[in-house]
Amino acid sequence: MVQTIATLIDETLMVMGAHLHVRMTDEEKAYLDAHFELIHIKKGEHLVTRGEEVCYLYYLESGIVRLWFPDKENREISARFIQAKEFINFFLSHEEHHAHYNIKALEPCKIWRLPKKDLHQLYELSINFNKLARIHLVRSINRKIMREDRKSTRLNSSHSAISYAVFCL
């Protein structure tokens, strides 16, 4: 059975536990189905390359992608791994937006994409999509805070070990 993007998003809402707060109307589902496009990318292929304009909202139906960026020494720093039934890049501004990151397929992927102009129209039309965006924003901020907290904890642990070693000298 071929799934529609509206059905996939409903499944995602269930998994997220957001289905009690976000219930897409038939009109909203029809908009999603009419404006999202299904694409396929191969393992190793980039969906987004750093520096290019980001023109789509992406939803990963199947596969795994890695969001990464280069550090000062041009080493690849993985920021996040995204699995099936997740939005990849939920936040696109009205202005021209160039990616500060790369998104690469770690296996063959089925991806739905929504052009930025249609996304902004959806924000105007759909209270439920706005709720979904807000939920994603909060989750993204929480992931960032937890990542920074872990980084800070590791640095403090390293600093304590170095301080103890220096104290023992």
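Predicted model: local features only at pLDDT ≥ 70, side-chain atom pairs only at ≥ 80, totals over all residues.
Which residues does glutamate 61 touch, not counting residues up to four places away in sequence? Residues are numbered from 1 along each chain as its sequence is written, and side-chain values use heavy atoms, with hydrogens and water left out.

**Entry: glutamate 61**

I found glutamate 61 in strand β3, residues 56-62, where helices (H or I, at least four residues) and strands (E, at least two) are DSSP runs numbered from the N terminus. Taking contact as heavy atoms within 4.5 Å, I listed Gln3, Leu8, Leu38, Ala84, Lys85, Lys110 and Trp112 as the residues that glutamate 61 touches, with those up to four places away in sequence not counted. Glutamate 61 counts as buried because its relative accessibility is 12% (buried means under 20% relative accessible area, exposed over 50%, and partly exposed in between, with a 1.4 Å probe and protein chains only). I also noted that the side chains of glutamate 61 and tryptophan 112 are joined by a polar contact of 2.8 Å; such a contact is a pair of N or O atoms within 3.5 Å, and within protein one must be able to donate a hydrogen and the other to accept it, while residues adjacent in sequence count only if both atoms are side-chain atoms.

**Entry: serine 62**

Next I looked at serine 62, which is also found in strand β3 and is partly exposed, since its relative accessibility is 26%. Leaving aside neighbours within four places in sequence, I saw serine 62 in contact with Ala84, Pro108, Cys109 and Lys110. Serine 62 and isoleucine 111 are 49 residues apart in sequence, yet 7.2 Å apart in space, C-alpha to C-alpha.

**Entry: two residues with positive phi**

I looked up lysine 85, which lies in the loop between β5 and β6 and has a positive phi of about 70° although it is not a glycine. Lysine 85 is partly exposed, with a relative accessible area of 29%. Asparagine 74, in the loop between β4 (64-70) and β5 (76-83), is not a glycine either, and has a positive phi of about 65°; at 62% relative accessibility, asparagine 74 counts as exposed.

**Entry: aromatic pairs**

How many aromatic pairs does the count come to? Rings of Phe, Tyr and Trp (its six-membered ring) pair if their centres lie within 6.5 Å, and planes under 30 degrees apart count as stacked, over 60 as edge-to-face and the rest as tilted; by this rule I have four aromatic pairs. One of them is tilted, formed by tyrosine 56 and tyrosine 58 at 5.9 Å centre to centre, with 45° between the planes. Of its two members, tyrosine 56 is partly exposed at 22% relative accessibility, whereas tyrosine 58 is buried at 6%. Phenylalanine 87 and phenylalanine 129 form an edge-to-face pair, 6.3 Å centre to centre with 85° between the planes. That pair links distant parts of the chain, 42 residues apart, with phenylalanine 87 in strand β6 (residues 86-87) and phenylalanine 129 in helix α4 (residues 127-168). I noted phenylalanine 87 as buried at 2% relative accessibility, and phenylalanine 129 as buried with a relative accessible area of 0%. Lastly, I saw that ring pairs link Tyr59, Phe87, Tyr123 and Phe129 into a cluster.
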